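These are my notebook entries on one structure.

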Amino acid sequence: MPKRLGGETTTNESGESGGIPDRSEYVSGRNHILVIDGTRYTLVPSRPNGRTLYFFFGFPPGSTSDQEMREEEAPFIEDDVIYAAEQGFTVIYDLEGTAQDLGNAIFDPQAYGIYWSGHGNGRGYIWTSDDRLIAPESIRSGVAAGRQVAPNLSYFILAACNSAQIAEEWQGVLPSQCRFEGWVDTVSTSQGIDFTDSGRFGDSLFPHGGTNPDMELRDYIDAALRETRD
């Protein structure tokens, strides 16, 4: 059963969720309720604005090196997770995003932003935690089956190697106003941290190699926030 938390931290008996380190201590807060369901953390703000932002890690659970990479990047993403909840967004933060999780986010009518960190292949597709390969055609298939891509989606970010190789294809399956961000070549941990560190280090140190190198995750969140107020 999911666990609901306020401004306090609790863990299960092992101190872990789904066999991976528990992150509830880092995403708890006074202004939101934290609901934990396996590797998924849902932050429900005290004054929700009716919009949802998604933050996913898509690394395979069986790889020690990938889990270490995720744990290194997590603190820099989590300050944005907290920030988004403080602005009134309902936040879904999932440490092991599956193909179904990503599909549910893309077709969620309340989704305003999606951030995905994981592996990509040489063709610009992305791998999920359940070893599924997601391509733009995967989204088209959902649309053909009668589903609608989130109409107000503000950004769709794939922090995965080579995802920008087919940026036009990804952009083509998104709403016209949605900003796509992908990585042209490989993504290093330093680049990922630079993109999510809310500007503490600056792009000049570790340019993230994305399609919009002057934009960081916080910039996309702020843009989505402005759009909710227009």
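Which residue forms a salt bridge with Arg70? I found Glu71, with the closest N and O atoms 2.8 Å apart. I took a salt bridge as a side-chain nitrogen of Lys or Arg within 4 Å of a carboxyl oxygen of Asp or Glu.

Before going on, I noted the basis. The model is predicted, so local features need pLDDT of at least 70 and side-chain atom pairs count only at pLDDT 80 or more, while totals for chains, interfaces and linings use all residues. Residues are numbered from 1 along each chain as its sequence is written, and side-chain values use heavy atoms, with hydrogens and water left out.

**Entry: salt bridges**

I looked up the accessibility of the pair. Arg70 is buried at 0% relative accessibility, whereas Glu71 is partly exposed at 22%. My cut-offs were under 20% relative accessible area for buried, over 50% for exposed and partly exposed in between, with a 1.4 Å probe and protein chains only.

I then looked up the total, which is 8 salt bridges in the structure. One of them joins Glu137 and Arg140, with the closest N and O atoms 3.2 Å apart. Both residues sit in helix α4 (residues 136-144), 3 residues apart, which means a separation of about one helical turn. Glu137 is partly exposed at 44%, and Arg140 is partly exposed at 36%. Helices here are DSSP runs of H or I with at least four residues, strands are runs of E with at least two, and both are numbered from the N terminus.

Another salt bridge links the side chains of Arg179 and Glu227, at 3.0 Å from N to O. Arg179 belongs to strand β12 (residues 179-182) and Glu227 to helix α7 (residues 217-229), so this pair ties together parts 48 residues apart in sequence. I recorded Arg179 as partly exposed at 32% and Glu227 as partly exposed at 26%. I also noted a network: Arg23, Arg70, Glu71 and Glu78 are joined by salt bridges that share partners.

**Entry: helices α2 and α6**

How far apart are the axes of helix α2 and helix α6? I read 9 Å, with a packing angle of about 10° between α2 (residues 64-86) and α6 (residues 189-196). This makes α2 roughly parallel to α6, the class for angles under 35 degrees, with over 145 being roughly antiparallel, 65 to 115 roughly perpendicular and the rest oblique. On the α2 side, the contact (heavy atoms within 4.5 Å) is made by Met69, Glu72, Glu73, Phe76, Ile77, Asp79 and Asp80. Thr189, Ile193 and Thr196 make it on the α6 side.

I followed up Thr196, which lies in helix α6. Thr196 is buried, at 1% relative accessible area. Setting aside neighbours within four places in sequence, I listed the contacts of Thr196 as Phe76, Ile77, Asp79, Asp80, Tyr115 and Leu217.

**Entry: cysteines**

I searched the whole structure for disulfides (cysteine sulfur atoms within 2.5 Å) and found 0. I looked up two cysteines for accessibility. Cys161 is buried at 16%, and Cys178 is buried at 3%.

**Entry: Thr39**

Where does Thr39 lie? I placed Thr39 in the loop between β4 (32-37) and β5 (40-45). Thr39 is buried, with a relative accessible area of 13%. Thr39 and Tyr93 are 54 residues apart in sequence, and their C-alpha atoms are 8.4 Å apart in space.

Note on methods: Axes are lines fitted to C-alpha atoms, for helices over the stretch in contact, and angles run from 0 to 180 degrees between N-to-C directions.
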